[in-house]
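Please open the model in the viewer and keep the selection tool at hand.

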Amino acid sequence: MMDVTVANFEEEVIAASMTTPVLIDFWAPWCGPCKSLGPILEKVETAYEGRFKLVKIDSDQEQQLGAAFGIRSIPTCILMVGGKPVDGFQGALPEGKVKEFLDKHLPPAEELPVEDLALADVTPEEALAKLEADVVNDPTNESARFELVKALLLAGDTDAAKVAFAPVIAQTTVVRRFDSLKRMMDAIDFAAARTDKQADTAEFDAKIALNKRDFDARFDKARWHMAHQEWTAALDELLDILMRDKTWSEDKARKTYIAILDIMEAPKPKVADGQIPPDDPVVATYRRRLSSVILS
């Protein structure tokens with residue numbers, strides 16, 4: 001649990017929720033029900049072992065944030081996922097009801113990220129074989145399947161990736177990281193139909209030069225870069241769209257931006273108990289840039 005203010009809201013809530021759901025507890029020191037709910041939330045956060053992050057906002061001290069979320073009574077809790085509020089509740093719920101609320105949105109405990117393979121003393125082939133075995137042994141393990149399909153895509157084995165992804169393709173609407181994989185595959189298919197790199201780049205640039213708000217051209221250029229694993233070039237094009245129109249084409253640019261962050265981010269390295277693994281500096285920078293655009 002941590003206290004959040006306007007000063008650290010972008011980093012601790014918006015950016016953090018891109019990878020881990022964040023539960024905001026709007027409270028005040030004088031609020032009786034808040035004093036009942038607070039310890040319950042902290043107990044649940046400990047029990048859920050990193051499946052969500054709990055933050056507290058003093059609604060008296062941070063009236064700007066309260067107004068932004070339309071808070072009319074306290075305690076009010078808001079769950080943030082992918083930089084946006086997805087659900088919430090009011091009042092001091094009992095522990096069972098809090099868990100019931102969270103379980104609607106959080107992955108089961110057994111589907112937390114699989115053991116880090118990046119630092120293990122294994123070859124890429126052995127790491128891939130382990131992921132394949134993990135999926136065979138537990139077809140419901142979302143994290144293992146995500147890492148397997150991602151590894152195949154990054155290795156250029158798109159056909160094998162599609163085969164591994166097929167059993168869960170219907171879950172793209174409810175599992176964000178599966179949606180990210182689908183967007184990567186769509187970008188690869190898009191680029192596969194365009195074989196002349198120089199001509200393609202010239203075509204995109206010519207359209208954009210004529211009209212900087214040609215978002216279709218910018219989006220195609222971003223997907224083209226994404227397919228070729230030119231991550232920052234793709235993110236820059238998508239940011240340009242978002243700075244001009246945050247919700248263009250049913251949020252397509254923002255969702256693709258998040259997909260790229262999911263795909264490009266390496267598994268977290270193992271660290272000693274009590275320590276926080278370091279963030280990829282490029283991923284962290286682009287998360288902050290996205291947060292700045294969304295909040296502006």
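Begin by selecting C31, which is buried, with a relative accessible area of 3%. This model is predicted. A disulfide joins C31 to C34, with an S to S distance of 2.4 Å, and the structure holds one disulfide. Orient the view along the S-S bond: the torsion about the bond of C31 and C34 is about 80°, so this disulfide is right-handed.

Now select C77, which takes part in no disulfide; the nearest cysteine sulfur belongs to C34 and lies 8.7 Å away. C77 is buried, with a relative accessible area of 0%.

Proceed to helix α2, residues 32-47, and display it together with strands β2 and β3. Here β2, α2 and β3 form a right-handed β-α-β unit.

Select strand β3, residues 53-58, next; six of its six residues are buried. In a regular strand, side chains alternate between the two faces of the sheet. Show the side chains of β3: K53, V55 and I57 point one way, while L54, K56 and D58 point the other way. Each of these side chains belongs to a buried residue, the lysines K53 and K56 and the aspartate D58 included.

Finally, which strands are joined to β3 by bridges? Strand β2, residues 22-27, runs parallel to β3 and is joined to it by six bridges; select L23 to find its bridge partner in β3, L54. Strand β1, residues 2-3, also runs parallel to β3, with two bridges between them. Select M2 to see its bridge partner in β3, V55.

Technical notes:
Residues numbered from 1 in each chain as written. Predicted model: local features only at pLDDT ≥ 70, side-chain atom pairs only at ≥ 80, totals over all residues. Heavy atoms only, no water. Buried < 20%, exposed > 50% of the residue type's maximum accessible area, 1.4 Å probe, protein only. Helix = DSSP H or I, 4+ residues; strand = E, 2+ residues; numbered from the N terminus. Pairing = 2+ DSSP bridges. Right-handed = clockwise from strand over helix to strand, strands pointing away. Disulfide = S-S within 2.5 Å.
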